Each structure stands twice: as C-alpha cells, then as structure tokens.
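Here are my notes for your first look at this model. Please keep the sequence and the 3D view open while you read.

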Number of protein chains: 4
Amino acid sequence: MARILTVSGSPRIPSRSAKLLEVVAREAEADGHTVDRLRLLDLPADALLAARLDDPELAASMRQLELADAVAIATPVYKAAYTGLLKCWLDVLPQLALAGKVVLPLATGGSLAHALTLDYALRPVLQSMAARHVVQGYLVVDRFIESDTDGVTTISGEALPGLTDVVDGFLQAVAHPPQRVRAAS
Amino acid sequence: MARILTVSGSPRIPSRSAKLLEVVAREAEADGHTVDRLRLLDLPADALLAARLDDPELAASMRQLELADAVAIATPVYKAAYTGLLKCWLDVLPQLALAGKVVLPLATGGSLAHALTLDYALRPVLQSMAARHVVQGYLVVDRFIESDTDGVTTISGEALPGLTDVVDGFLQAVAHPPQRVRAAS
Amino acid sequence: MARILTVSGSPRIPSRSAKLLEVVAREAEADGHTVDRLRLLDLPADALLAARLDDPELAASMRQLELADAVAIATPVYKAAYTGLLKCWLDVLPQLALAGKVVLPLATGGSLAHALTLDYALRPVLQSMAARHVVQGYLVVDRFIESDTDGVTTISGEALPGLTDVVDGFLQAVAHPPQRVRAAS
Amino acid sequence: MARILTVSGSPRIPSRSAKLLEVVAREAEADGHTVDRLRLLDLPADALLAARLDDPELAASMRQLELADAVAIATPVYKAAYTGLLKCWLDVLPQLALAGKVVLPLATGGSLAHALTLDYALRPVLQSMAARHVVQGYLVVDRFIESDTDGVTTISGEALPGLTDVVDGFLQAVAHPPQRVRAAS
C-alpha cells in the first residue's frame with residue numbers, strides 16, 4: 001500500500017485544517033495505507049523563513065515528503081489564498097519535489113466565498129512542482145468541522161458528501177499509479 | 001483502448017494550436033487509441049454564442065465529448081488567457097461535462113511570458129467541470145511549431161522534450177483509469 | 001465630465017448582468033457623465049468569433065470603447081470564469097485597448113462561491129490590456145437583482161452596500177485622472 | 001507629499017527584490033515623497049509565523065504600513081507565486097490593511113515565464129485587502145538588475161522602460177487621490 005503524508009498549513013492551534021486532515025488520515029488508514037503527519041507550525045520558524053536546509057527538523061520534513069507517494073495538504077484561507085506558512089515550506093522544497101506524487105488540496109474557511117482559492121491559487125503552485133496528479137480539492141466551511149470530547153472530528157452537513165467525493169478520488173489515484181499502455185500490434 | 005477528442009480553440013486558419021494537436025493525435029493513434037478531431041471554428045457561430053443546444057452541429061460536438069474518455073485541448077494565448085472561442089464552447093457544455101475524463105491542456109503563444117496561463121486560467125475552468133485528471137500541460141512557443149510541405153507538423157528545439165513529457169503523462173493517465181483498492185483485512 | 005461605456009457579457013436575454021449595468025449607468029448619469037451601452041450579444045456572432053474587424057457593427061463597438069474614458073463590464077460566472085462571449089470581444093480588441101481607461105469589473109452568479117472569479121480570472125485579462133485602473137469589483141448574487149414592472153432594476157439586501165461601494169470607487173477614479181506631481185525644489 | 005513604504009519579500013541576502021525597491025525609492029524621493037523601508041526578513045521569524053501581534057518589531061512594521069499612503073512590494077517568484085515570507089506578513093495584517101492605499105506590485109525572476117505571477121497570484125491577494133489602486137506591476141528578469149561597487153543599483157536592457165512605466169504610473173496614482181465629482185446641476 002502507499003505512504004501518505006498529511007501537511008497542515010495552519011498557523012493556529014487548535015486548527016480546523018489539522019482536524020480535517022485527521023478525517024482524511026482515518027480513511028486512508030482504513031484502506032491500509034501508512035499515514036505520516038506534518039504540522040508546519042512545529043517546524044523551527046527561523047530555519048523555515050530563511051530556508052536553512054541544514055536544520056534537522058526542516059530536513060526531516062523534507063525527507064518525509066520524499067518518502068511519500070501522496071500528500072494531503074490543508075490550509076485555511078487567508079487573504080483569498082493559502083497561508084504564508086504553507087508557502088514558506090513549499091518554497092524551501094526542490095522545484096520538482098512533487099514529481100510522481102498524488103496531491104489532495106483542501107481548505108477551510110468561513111464561507112463559500114473562498115471556494116475558488118484552491119483552484120486559482122494553490123493548484124498552480126502544486127502544478128509548478130511537477131505533481132503527477134493534483135486531484136479535485138475541496139473547501140470545507142468552518143462550521144461543518146466538529147470535534148467530540150475525545151478529539152474525534154466529524155464533518156457534517158452539506159460538506160460531508162463533497163469531502164467524501166474528493167477523498168475517494170484521492171485514494172483512487174493513490175492506489176493506481178498510471179502506466180502507458182500500447183495496443184498490441 | 002481509449003477514445004480521445006482533440007479540441008482546437010483557435011479562431012484562425014491555419015492554426016498552430018490545431019497543428020500541435022495533430023502531433024498529439026499521431027502519438028495517441030500510435031498507441032492504439034481512436035482520435036476524434038473538433039475544430040471549434042467550424043461550429044456555427046450564432047448557435048455557439050447564443051448557446052442554442054438544439055443546433056445539430058453544436059449537439060454533435062457535445063456528443064463527441066460525451067463519448068470521449070480523454071480530451072486534448074489547445075488554445076492560443078490571447079490577452080493572458082484562453083480564447084473566447086474555446087470558452088464559448090465550454091460554456092455551452094453541462095457543468096460536469098468533464099466528469100471521469102482525462103484532460104491535456106496545451107497552449108501556443110509568442111513567448112514564454114504566457115506560460116502560466118494554462119495553470120492560472122484554463123486549469124481552474126477545467127477543474128470546475130469535474131475533470132477526473134487534468135494532467136500537466138505545456139505551452140509551445142510559436143516558433144517551435146513547424147509544418148513541412150505535406151502538412152506534417154513537427155515540434156522542434158527546446159519545446160520537444162517538454163511536449164513529449166506531457167503527452168506521455170496524458171497517455172499514461174488515459175491508459176489506467178484509477179480505482180480505489182483496500183488492503184485485504 | 002467623462003464618457004462611460006457599459007459592456008454586458010451575458011449570452012442570455014433578459015440578463016441580470018445587463019440589469020446590473022443599468023444601475024451603474026443611472027448612478028453615472030446622475031453625476032453628469034455620458035453613458036453608452038454595449039450588449040455583446042447584439043454583435044454579429046460570426047464576425048465576432050472569426051475576428052472580422054471590418055464588420056461595421058464590430059468596428060462600431062471598438063470605436064465606442066476607444067471614445068470611452070471608463071468602462072463598466074458585467075459578466076455572469078460560467079464555469080468559474082467570465083463568459084466566452086465577453087472574452088471573444090476582448091480578444092478582437094487591440095492588446096492595449098484599455099490604456100488610460102478606468103475599468104469596473106462586475107459579475108453575477110448564483111452563489112458567493114464564485115466571488116473570487118473577478119480577481120483571479122477577469123482582472124488579469126483586463127490588466128494585460130493596459131488598463132490604467134481596474135477598481136475594486138463586485139459579484140452580485142442573482143437573488144438580489146430585482147426589476148419592477150417598468151423594468152427599473154434595484155439591488156437589494158446585503159448586495160446593495162457592496163455594489164454602492166465599488167460604484168463609488170469607480171466614479172471617484174473616473175473623475176480624477178492621476179497626474180504625477182513633483183515637490184517644488 | 002506622500003509617505004511610501006517599500007516592502008521586500010525576499011528571504012535571501014543580498015536580494016534583487018530589495019535592490020529593485022531601492023530604484024523605486026530613489027525615484028519617489030526625487031519627487032519629494034518620504035520613503036520608509038521594510039525588509040521582511042528582519043522581522044522575528046517566530047512572531048511572524050505564529051502571528052504574535054504583540055511582538056514589538058512586528059507591531060512596528062504594521063504601524064509603518066498604517067502610516068503609509070502607498071506601498072511598493074517586491075517579491076522573487078518562487079514556485080509560480082510570491083514568497084511565503086511575503087504572504088506571512090500579509091497574513092498577520094488586518095483584512096482591510098490596504099484600504100485607501102496605492103500599491104505597486106513588483107517581482108524578480110529568472111525568466112519571463114513567471115511574468116503572469118503578479119496579476120494571477122499577488123494582485124488578487126492585494127485586492128482582497130481593499131487596496132484603493134493596485135497599479136500595473138512589472139517583473140524584472142534577474143540579469144537586468146545590476147549594482148555597482150557603491151551598492152547603487154541600475155536596471156538595464158529591455159527591463160528599464162517597463163519598470164520606468166510602472167513606477168511612473170505608481171507615482172501618478174500616489175500624487176492624486178481620487179475624489180468623486182458631480183456635474184453642477
């Protein structure tokens with residue numbers, strides 16, 4: 001099975017983006033995949049901002065990405081785009097760091113008015129990093145992300161079918177790496 | 001094998017976008033796929049602009065798309081985006097017209113300065129139409145598109161490896177529709 | 001006072017985009033400006049799609065733009081972007097057709113989920129045409145556009161303050177063409 | 001005269017973006033404007049990434065922006081967009097932090113292939129912050145930014161007229177805040 005990395009780009013704790021990724025992780029693990037978790041806020045800020053690649057924690061996060069077959073990225077929408085924190089991490093990665101990988105872009109936000117952020121802002125960045133397949137993404141409106149007292153998160157209301165669809169598309173793409181086939185001549 | 005539709009969005013004849021699609025079609029046919037060709041300029045202009053879906057030629061073009069497993073779309077870059085002609089045709093299609101399909105976005109333009117058009121302008125439109133997989137696209141600079149006296153087009157110079165890569169990625173994605181797989185428990 | 005052109009990019013009649021522009025026109029005329037109206041659907045479709053610049057009606061529309069100091073453009077949101085009809089007209093214009101002009105971008109759509117279309121899709125196109133000032137735009141959700149039996153349109157609900165703000169910003173920018181000033185030495 | 005803030009979003013020293021801003025600052029000071037300089041890399045990284053608004057240096061940078069009538073922002077192009085460092089700073093600002101202000105967006109990059117970044121990626125973010133006027137921006141290709149032994153930067157080659165144009169447009173917009181004018185009735 002595949003190795004999947006979840007990347008939370010929220011600069012806040014607790015974070016709806018992190019919770020959303022837990023829902024994805026649960027589903028991926030249920031399919032038999034291995035899931036690693038990366039919370040960008042845990043990385044040393046000065047190494048990240050100044051792109052000091054020899055920092056051990058930063059280097060470890062890059063190694064986690066390298067090992068992953070697929071990545072689920074979640075970011076709150078700030079100023080009509082992804083967070084600066086997420087972009088700082090993407091900036092320190094090699095230009096082709098997503099080559100061969102499947103990527104699921106997710107966002108959280110206060111209203112549907114931010115829904116196009118994923119396709120107009122985040123997706124072009126991911127494409128520039130040579131991602132093999134950036135599957136359909138989804139913005140979950142904040143009020144549909146709920147956690148119970150044990151910290152287990154559920155997605156409610158109209159957001160559930162939308163999220164389920166894209167997670168399903170992600171796990172489909174993860175399971176079947178494409179390969180070119182020629183007709184027998 | 002798959003059924004592939006090429007869609008040329010250029011409002012001019014002859015068109016570098018159409019020539020570029022011929023290179024893709026040749027490669028796809030060599031793999032054993034069936035290729036249909038659609039030149040949007042051939043559609044009746046008034047039916048297209050007024051979205052008269054009962055027009056037989058317009059309806060036929062929509063049927064061609066429905067039957068296709070994959071689509072290669074090429075557009076010249078006008079005013080930092082795809083052509084109005086291409087968007088007119090996309091506008092008359094159902095909102096989810098690309099559901100389940102693989103899409104290869106291509107562009108032609110006078111200079112590399114337009115390269116980001118595919119990812120920032122065309123790709124979000126294709127994603128909104130529920131495409132299963134919009135693979136990496138490519139902008140071919142005009143001067144690298146050459147046709148010989150028999151009308152056979154070749155892509156030259158630095159544009160060739162770039163185009164070859166994305167056509168390969170397209171034909172890989174076409175050959176292997178993804179399917180979700182769960183680990184045996 | 002200034003000469004203002006309103007450009008409706010909707011392929012449908014009646015059109016909420018055209019109605020929205022009437023509200024802008026009324027306000028502009030109340031300030032003493034002259035308003036010309038252009039409905040792109042009235043242009044000959046084949047001349048528009050094939051960019052036949054010698055068509056008299058198409059040429060007249062281009063002349064209207066040339067004469068205008070400012071332009072208010074409204075488009076419904078189709079497939080996460082402006083309409084193909086609008087882009088067809090922009091495509092036939094000279095690359096720098098908006099040089100020196102103030103532009104107000106407006107959209108209509110079924111939900112707020114399309115709100116970012118103006119800034120991520122339409123604005124870059126207008127900027128590429130050398131617009132002097134593309135002021136803040138606004139998407140009016142369809143249900144807030146109402147017409148009485150005399151055909152007079154009003155904008156209601158939460159959309160009214162938003163629209164009023166951008167129209168005010170537009171008319172401010174129209175009234176005061178900027179000019180570089182140096183401190184006396 | 002006006003108060004102008006230059007904001008350098010480069011995470012590297014020396015920085016072509018910072019040099020480019022010096023050229024703008026020189027021109028603005030020659031017109032009699034006051035110029036403040038902000039290099040985002042100088043801000044405390046952890047306060048910036050975690051949005052700790054009580055940090056004195058971060059608060060001071062926010063105060064500088066508040067006092068400014070206009071802002072010139074320069075960023076290298078990383079991964080087809082602005083830097084994460086720049087976005088981190090924009091993220092900590094109030095949503096309407098650019099209200100009433102004129103903004104000049106500038107970029108530096110290795111090739112023209114990144115030229116559309118300003119309009120498709122950075123401009124929508126600036127618009128979302130209520131900027132009064134984001135004037136035409138410009139990407140200067142790295143090789144046209146040269147510094148002499150005294151550290152004085154000049155812009156050379158084909159980049160000079162392009163930059164001169166947008167700086168002129170910026171200083172024009174700065175000098176003349178728009179104001180709505182009604183015809184005498």
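**Notes on the model**

1. In chain A, the mean positions of the 17 positive and 21 negative charges are 6 Å apart. Lys and Arg count as positive and Asp and Glu as negative; His and the chain ends are not counted. Each charge is placed at NZ of Lys, CZ of Arg, CG of Asp or CD of Glu.

2. Ground rules. This is a predicted model, where local features need pLDDT of at least 70, side-chain atom pairs count only at pLDDT 80 or more, and totals for chains, interfaces and linings use all residues. Residues are numbered from 1 along each chain as its sequence is written, chains are lettered from A and ligands numbered from 1 in the order in which they are written, and side-chain values use heavy atoms, leaving out hydrogens and water.

3. Elements and overall shape. Chain A has 6 helices and 8 strands. These are DSSP runs numbered from the N terminus: helices are H or I with at least four residues, strands are E with at least two. Their order from the N terminus is β-α-β-α-α-β-α-β-α-β-β-β-β-α. The radius of gyration of chain A is 16 Å, close to the 16 Å of the globule rule for 185 residues, so chain A is as compact as a globular protein of that length. The radius is taken over C-alpha atoms, and the rule is 2.2 Å times the number of residues to the power 0.38. The C-alpha trace of chain A spans about 60 × 40 × 30 Å along its principal axes.

4. Burial and contacts. Of the 185 residues in chain A, 59% are buried. Buried means under 20% relative accessible area, exposed over 50%, partly exposed in between (1.4 Å probe, protein chains only). Among contacts in chain A with a separation of 6 or more, 78% join residues 24 or more positions apart. A contact means heavy atoms within 4.5 Å.

5. A buried leucine. A:Leu104 lies in strand β4 (residues 102–109) of chain A. It counts as buried, at 0% relative accessibility. Leaving aside residues up to four places away in sequence, its contacts include A:Val24, A:Ile73, A:Val135 and A:Phe170.

6. A lysine facing another chain. Is B:Lys87 buried or exposed? B:Lys87 is buried, with a relative accessible area of 0%. It sits in helix α4 (residues 84–92) of chain B. Residues it touches include B:Tyr82 and B:Val125, and from chain C, C:Tyr78 and C:Gly84.

7. Symmetry. A rotation of 180 degrees, with 0.0 Å of shift along its axis, superposes chain A on chain D (RMSD 0.0 Å). That is the relation of a two-fold axis. In chain A, the C-alpha nearest the axis belongs to A:Gly84, 2.2 Å from it. Copies are superposed by least squares on C-alpha atoms of residues with pLDDT of at least 70 in both. Of the interface residues of chain A, 100% are also interface residues in chain D, so the copies meet through the same surface.

8. Backbone points to check. Most residues other than glycine have a negative phi, and most peptide bonds are trans. A:Ala80 has a positive phi of about 65 degrees. A:Ala80 is in the loop between β3 (70–76) and α4 (84–92) of chain A. The peptide bond from B:Ile13 to B:Pro14 is cis, with omega near -5 degrees. B:Pro14 is in the loop between β1 (3–8) and α1 (16–30) of chain B.
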